Amino acid sequence: MITAMTRRRVRVCLVLALAVFLVFGLRLFQIQGVDAKAYAAMAVQNGTATTTVPAPRGAIVDRNGVELASNTDGLTVTADPSMTSEHAPQIARILYEQLPGEIDYFDTIEKLRTPDSRFVYVVRDIPASEASDAVKAVRDAKYTGVFTEKENLRSYPGGSLAANLLGFTDNSGKGVQGIEQMFDDQLTGTDGSSTYEVSSTGQRIPMADNTVEEMVPGTAVKTTIDRDLQWFADQRLSEVVSSTGSAWGLAITMDVKTCQILQMSQAPTFNPDTRQGITDQNTVSRATQTVYEPGSVMKPVTMAALADQGLINADSKVRVPESMTIDGFRIGDHWDHGVLQMTAAGVIAQSSNLGTIVAAQQMDDQTFYDYLRKFGFGEQTGVGLPGESAGIVEDADSWTRAKHATTAFGQGISVTGVQMLRAIGVIANDGMGCDPTVVESTIAPDGTEKKIEQDEPERVVSPEAAAQVTRMMEAVTADDGTAPLAQVDGYRVAGKTGTAWRVDPDTGRYLRGQNLVSFVGFAPADKPRFVTYIVIDKAPGGAGGGSLAAPIFHDIMSMALERFGVMPTGSPSPEVAQYW
């Protein structure tokens, strides 16, 4: 009896054992045979980690290779929510204490508890030491799942130097404003990745398999800017705007022959390195986006159009009335006078609105309009910077007699700084116009340099017309002109002052007593190399282009001539009669 029962039990146990082995065998066959690839993938996924290998953004350098925008090492703090979810509040508290001002406590808890995720960003782009200390603090508290990844932080070694030209990058590394936006596609590299085996606690296993997909660095951009000249102009302009309480200031210098811009300064500005001062008002490009009425710096353009038609030269006689009433508007000069007998050079030297109107009456509306367009007004300059304005030039068929008159001396037409610089550059370059440029070339990661193509210069006015207007403009900087403070020792200087009423953007009406003053000029006048344009908006009462803007021109032009080794030509300035 006992033997029979024992045998039955043995058989039952044997059957059960065989059944268990059969189940395990079938399951093993499924895992190793039918679902082998799927389970292998799961094993790899659960035992490996992939990190991004960030590609450094291309540098932006000046014409001599000095870095204006570069990269510094930083770290990003990441987390694996499958490992941090259980202790999210405790980990978030540690990170919040280690990184004050960088993260939000409650937002971090949500990130650390992200469902169905193995990867989240906790905080990006912070100094390496801060990130490392924060992660170490988490690990010292015996929590896992928080890591660091290498990042490239954008750095601007010059601080606010050329900030409005360079632009900056946002939190995602995308270019905003300026060259950073203009060349964002080229500057941005292609990230790589690194996949490696990790332990159950998320730690990397030394000597384990590691798969790397190489990153591709961004392309560098070589600008036409000279860093030292840019720094000097930045400082000089900022001093004047700050000390006078003006709204803003602009200074641009361009090589006459190549149309390469050597410096582009504005004040107030911002610091893209510290992010200080980044506001809509400070980050706008005054040179390309701000539109204003230029005032009397437009008069040389009017005279060039007349001279190109053979209607006027520097010695032409102009009878200037004491005032004029056109379409019901009374127009006068900035000084009281009776009837004057002035030469065209005298009209420019003394900046007579009335004399300019009398001379311009020799052109009909359409002819005048066509010349304005030839000089580049009413269209973008081709400099390529983001958000460039075309300015405002109304079609000739809408002009009134008053419109024709005021346009001749720079009111009733709106321009940008680069447009005005380009137009005066035409006169300095024997009547040839070319598109201004701020970028010379791009440099690939392998060092291959590719020049940026420029359109061929085009004839705007004749060399003879340009020469006649240059004579007129030299009279401006003479001792008896309106801008003797623009003189540069040893060099002949041609220039023009400007004063324009500011326009109220809300009402469209002029604000009497609030002026935009300016000075534009080139040197050496007998063999032009550089043209510099200075604008000061909302200048203090009584200030004019000759007293406020001309001294800034003098300092910037003096440094440009010296820095680039431009020798004086040695020829004396011509004597030009202002009256007859």
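Reply: Helices (H or I, at least four residues) and strands (E, at least two) are DSSP runs, numbered from the N terminus. This is a predicted model, in which local features need pLDDT of at least 70 and side-chain atom pairs count only at pLDDT 80 or more, while totals for chains, interfaces and linings use all residues. Residues are numbered from 1 along each chain as its sequence is written, and side-chain values use heavy atoms, with hydrogens and water left out.

Let's go to helix H16, residues 401-408. Seven of its eight residues are buried (under 20% relative accessible area; exposed is over 50% and partly exposed lies in between, with a 1.4 Å probe and protein chains only), so the rest of the structure largely encloses H16. The buried ones are Ala402, Lys403, His404, Ala405, Thr406, Thr407 and Ala408. What do they pack against? Their partners are H12, helix H14 (353-360), helix H15 (365-374), strand S14 (324-326) and strand S15 (329-331); contact here means heavy atoms within 4.5 Å. Just past the end of H16, glycine 410 takes a positive phi of about 90°.

Aspartate 315 sits in the loop between helix H12 (299-308) and strand S13 (317-320), and arginine 471 sits in helix H18 (residues 463-476), so their pairing ties together parts 156 residues apart in sequence. The two side chains meet in a salt bridge at 3.5 Å, N to O; the term asks for a side-chain nitrogen of Lys or Arg within 4 Å of a carboxyl oxygen of Asp or Glu. Arginine 471 counts as partly exposed at 23% relative accessibility, and aspartate 315 does too, at 41%.

The whole structure holds 23 salt bridges. In another of them, arginine 529 meets aspartate 255 at 3.1 Å, N to O. Arginine 529 belongs to the loop between strand S22 (510-523) and strand S23 (530-539), and aspartate 255 to strand S11 (residues 248-255), so this pair links parts 274 residues apart in sequence. Aspartate 255 is buried, with a relative accessible area of 8%, whereas arginine 529 is partly exposed at 27%. Lysine 451 and glutamate 449 form a salt bridge as well, with their closest N and O atoms 3.9 Å apart. Lysine 451 is exposed, with a relative accessible area of 51%.

Some salt bridges share partners, and these join Arg57, Arg154, Lys174, Glu180 and Asp184 into one network. Beyond four places in sequence, arginine 57 is in contact with residues including Asn71, Thr169, Gly175 and Leu187.

Now for the nonpolar side. A nonpolar core is a set of buried Ala, Val, Leu, Ile, Met, Phe, Trp, Tyr and Cys residues joined through side-chain atoms within 4.5 Å. The largest one has 127 residues, and Phe375, Phe377 and Met420 touch the most other members. Helix H19 (residues 545-563) gives the largest share, nine residues. Leaving out residues up to four places away in sequence, methionine 420 touches Pro294, Val297, Met298, Val301, Phe377, Val415 and Tyr533. Apart from this core lies another, of 24 residues, with Leu95, Val120, Val123 and Val138 among them.

Of the contacts between residues at least 6 apart in sequence, 73% join residues at least 24 apart.
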